[in-house]
Amino acid sequence: MTSTTLSTSPPLLPRPSIEPTQPPVSNDPPSFTPIHDASDINQIELLSVSWNQDYGCFAAGTSQDFRIYNCQPFKETFRRNLKTGGFKIVEMLFRCNILALVGGESNSHYPPNKVIIWDDHQSRCIGEFAFRSEVRAVKLRRDRIVVVLEHKIYVYGFMDLKLLHQIETLANPRGLCCLSHHSNTSVLACPGLYRGLIRVEHFGLNIMKLINAHDSHIACLTLTLDGLLLATASTKGTLIRIFNTMDGTRLQEVRRGVDRADIYSIALSPNFQWLAVSSDKGTVHIFHLRVRVFGGHSSSQPSSVQGPALLHQNSSTSLDALIPPSTGANPSSSLSFMRGVLPKYFSSEWSFAQFHLPEDTQFIAAFGSQNTVVVVGMNGSLTPFIIISFYRCSFDPVRGGEMLQQEYVRFLKTKT
């Protein structure tokens with residue numbers, strides 16, 4: 001059961017309020033910047049961190065306010081303290097003035113079962129949704145607002161806040177859900193009604209697809225910007241799988257490791273060449289995608305969303321032909337030629353490049369410009385203070401291996 005309130009004045013069209021991405025980082029030696037605001041120490045608790053849709057910014061919800069950070073160059077763009085308490089969910093819409101907010105447990109005005117549509121240009125709430133249970137996640141695109149509860153997902157029109165779709169899910173305490181963001185595709189992926197099942201909605205084509213992704217429960221999932229590719233991980237955390245969302249075909253499987261891990265994030269690069277995975281094992285893994293998308297960016301050709309336009313090759317000969325000569329391939333076992341005879345582990349594709357952090361760090365990763373990866377994370381409880389950090393690192397697209405740290409910023413510090 002939900003209730004919706006719309007401001008008496010119509011919602012404004014998104015307008016820029018966060019400065020655009022700056023030129024790429026140089027090849028200068030890695031930089032280090034200390035904590036920005038010493039007054040933060042002992043006063044705030046970090047409740048959430050989330051990227052915007054193009055990974056150029058991220059939002060941090062704290063026990064007092066919410067803050068927006070630009071990634072390139074790294075800096076705090078603004079913060080808002082509404083004097084009501086903190087926010088456990090802060091969802092951006094690219095770089096515009098509209099945000100979706102969900103209050104933390106101690107927020108006196110915005111409880112955890114209410115979604116606030118905030119216009120930062122007007123500095124006021126322009127709409128809200130109230131639910132009987134706690135909101136687990138909110139996702140935005142330019143024409144949709146998606147609210148995720150533990151057992152149901154609601155899809156609303158962005159301009160009028162009218163309910164368009166309701167989707168039943170298996171218990172979803174993580175609030176797993178992702179959207180496409182191209183104007184010519186409208187795709188949503190979320191857990192299905194059974195363990196390991198993923199439901200994919202192509203709203204523009206009126207197509208629904210069910211994908212049996214894993215034997216275990218789903219832990220993480222993400223879509224490419226056009227929604228044609230889906231990457232998933234289970235609670236086991238050893239394998240990442242890539243699917244064609246149009247027909248549910250599994251296109252590729254890569255191995256993070258052999259022991260269980262809690263997957264924190266999966267990211268797909270805008271050029272469809274790379275996949276990044278972060279977990280509680282303290283490593284960001286980069287994999288080369290051997291999937292090619294034809295016409296995925298063409299908004300002038302309606303046929304580009306009629307079919308998946310994907311190519312998947314199983315043999316090493318066809319794989320070599322598919323990988324551009326300027327990039328490398330994921331390493332595999334020297335015994336991979338005995339595929340089908342030895343256990344599946346020996347034919348696995350392993351990560352192409354890696355970046356190591358302390359194992360007690362919780363972090364999310366995304367792709368920056370020119371073969372760079374940006375990472376935001378916080379250390380665990382092994383030290384007296386929780387330090388929130390930003391990293392930028394680069395990888396060699398031909399040789400892979402250990403990534404090079406380009407930038408490191410500590411931007412928030414609180415006492416445990």
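Residues are numbered from 1 along each chain as its sequence is written, and side-chain values use heavy atoms, with hydrogens and water left out. Because the model is predicted, local features need pLDDT of at least 70 and side-chain atom pairs count only at pLDDT 80 or more, whereas totals for chains, interfaces and linings use all residues.

A nonpolar core is taken as a set of buried Ala, Val, Leu, Ile, Met, Phe, Trp, Tyr and Cys residues joined through side-chain atoms within 4.5 Å. Buried means under 20% relative accessible area, exposed over 50%, and partly exposed in between, with a 1.4 Å probe and protein chains only. The largest such core contains 37 residues, and Val-284, Ile-286, Val-373 and Phe-411 have the most contacts inside it. Strand β29 (residues 361-367) supplies the largest share of this core, five residues; strands (E, at least two residues) and helices (H or I, at least four) are DSSP runs numbered from the N terminus. A second, separate core has 22 residues, including Ile-89, Leu-93, Val-147 and Tyr-156. Neighbours within four places in sequence aside, Val-284 is in contact (heavy atoms within 4.5 Å) with residues including Phe-355, Leu-357, Phe-363, Val-373 and Met-403.

Rings of Phe, Tyr and Trp (its six-membered ring) are paired if their centres lie within 6.5 Å; planes under 30 degrees apart count as stacked, over 60 as edge-to-face and the rest as tilted. By this rule there are 20 aromatic pairs. Tyr-69 and Phe-411 form a tilted pair, with 4.7 Å centre to centre and 55° between the planes. This pair links distant parts of the chain, as Tyr-69 is in strand β5 and Phe-411 in strand β33 (residues 404-415), 342 residues apart. Tyr-69 is buried at 1% relative accessible area, and Phe-411 is buried at 2%. Tyr-264 and Phe-363 form an edge-to-face pair, at 6.1 Å centre to centre and 75° between the planes. Tyr-264 lies in strand β23 (residues 263-268) and Phe-363 in strand β29, so this pair ties together parts 99 residues apart in sequence. Tyr-264 is partly exposed at 27% relative accessibility, while Phe-363 is buried at 2%. Ring pairs also link Trp-51, Tyr-55, Phe-58, Tyr-69, Phe-74, Phe-390 and Phe-411 into a cluster.

An open sheet of four strands has the order β3-β4-β5-β6 with antiparallel pairing, where two strands pair if DSSP finds at least two bridges between them. β3 and β6 stand at the edges with a single partner strand each, so one side of each has no neighbour in the sheet. Five bridges join the antiparallel strands β3 and β4; Val-49 has Ala-60 in β4 as its bridge partner.

Most residues other than glycine have a negative phi, and most peptide bonds are trans. Tyr-55, in the loop between β3 (46-51) and β4 (57-62), has a positive phi of about 65° and is buried at 19% relative accessibility. Gln-370, in the loop between β29 and β30 (372-379), has a phi near 50° and is exposed at 61% relative accessibility. A cis peptide bond, with omega about 0°, joins Gln-72 and Pro-73. Pro-73 is found in the loop between β5 (66-71) and β6 (74-80).
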